[in-house]
Amino acid sequence: MSLAIPAAEDRAALADVVGRVVRLDPTAVVRLRDAGGRVVLWAGTPFEVLVTAEAPGSVTPADVTVTGPDLLAALSVVDAPEVDPGTAVDDRWRGDLPGDGPWRPIGRIPASEVNAVVARSGPSTLDETAWEGGGVRVP
């Protein structure tokens with residue numbers, strides 16, 4: 001298995017995303033897909049929201065799921081344009097991915113707001129979301 005991300009800044013950006021996912025869920029899995037010259041990363045969160053990021057590069061096989069901690073180590077510890085992203089755990093990915101788009105952003109949530117919610121919440125409360133007035137309230 002191979003993940004090739006030529007630019008160090010792109011590897012760092014993906015490591016940042018994976019690091020945030022792993023911080024929310026140390027057992028998270030990450031799905032990597034080759035999109036013709038780009039690698040698209042997908043990961044679930046305890047908020048039942050999919051996180052996605054992409055960077056120029058390639059992954060072999062073209063659709064594989066790995067553990068978040070393994071991928072984080074590969075991206076942040078190994079300083080090389082091509083790394084082993086970890087052991088495939090394809091059976092741990094639950095559900096389908098959204099279609100390829102085109103996508104239209106409907107809003108943005110600053111990372112500081114997400115971090116504030118996580119800081120206020122313990123592991124047991126992360127699963128206690130509730131719909132309130134058309135939005136999501138997290139205790």
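User: Which residue in β3 stands opposite Arg31?

Analyst: Two strands pair if DSSP finds at least two bridges between them; helices (H or I, at least four residues) and strands (E, at least two) are DSSP runs, numbered from the N terminus. Here Trp42 in β3 is the residue opposite Arg31. The model is predicted: local features need pLDDT of at least 70, side-chain atom pairs count only at pLDDT 80 or more, and totals for chains, interfaces and linings use all residues. Residues are numbered from 1 along each chain as its sequence is written, and side-chain values use heavy atoms, without hydrogens and water.

User: How many bridges join β2 and β3, and what lies between these strands?

Analyst: Strand β2 covers residues 29-34, and its antiparallel pairing with β3 extends over five bridges. Leu32 faces Leu41 in β3. The two strands make a hairpin with three residues between them, and in its turn Gly36 has a positive phi of about 60 degrees.

User: Where does β3 pair again?

Analyst: Strand β4, residues 50-56, pairs with β3 in the antiparallel sense over seven bridges. Gly44 has Leu50 of β4 as its bridge partner. These strands also form a hairpin, with five residues between them; Glu48 in that turn has a positive phi of about 60 degrees.

User: In what order do the strands lie in the sheet?

Analyst: The sheet is open, has four strands and runs β4-β3-β2-β6 with antiparallel pairing. Its edge strands are β4 and β6 (63-67), each of which pairs on one side only. On average, neighbouring strands are turned by 20 degrees against each other, direction ignored.

User: Which residues of α1 are buried, and what covers them?

Analyst: Buried means under 20% relative accessible area, exposed over 50%, partly exposed in between (1.4 Å probe, protein chains only). In α1, the buried residues are Arg11, Leu14, Ala15, Val17, Val18, Val21, Val22 and Leu24. Their cover includes β3, β4, α2 and α3 (111-120). Strand β3, residues 38-44, is itself mostly covered, with five of its seven residues buried.

Methods. Axes fitted to C-alpha atoms, helices over the stretch in contact; angles between N-to-C directions. Contact = heavy atoms within 4.5 Å.
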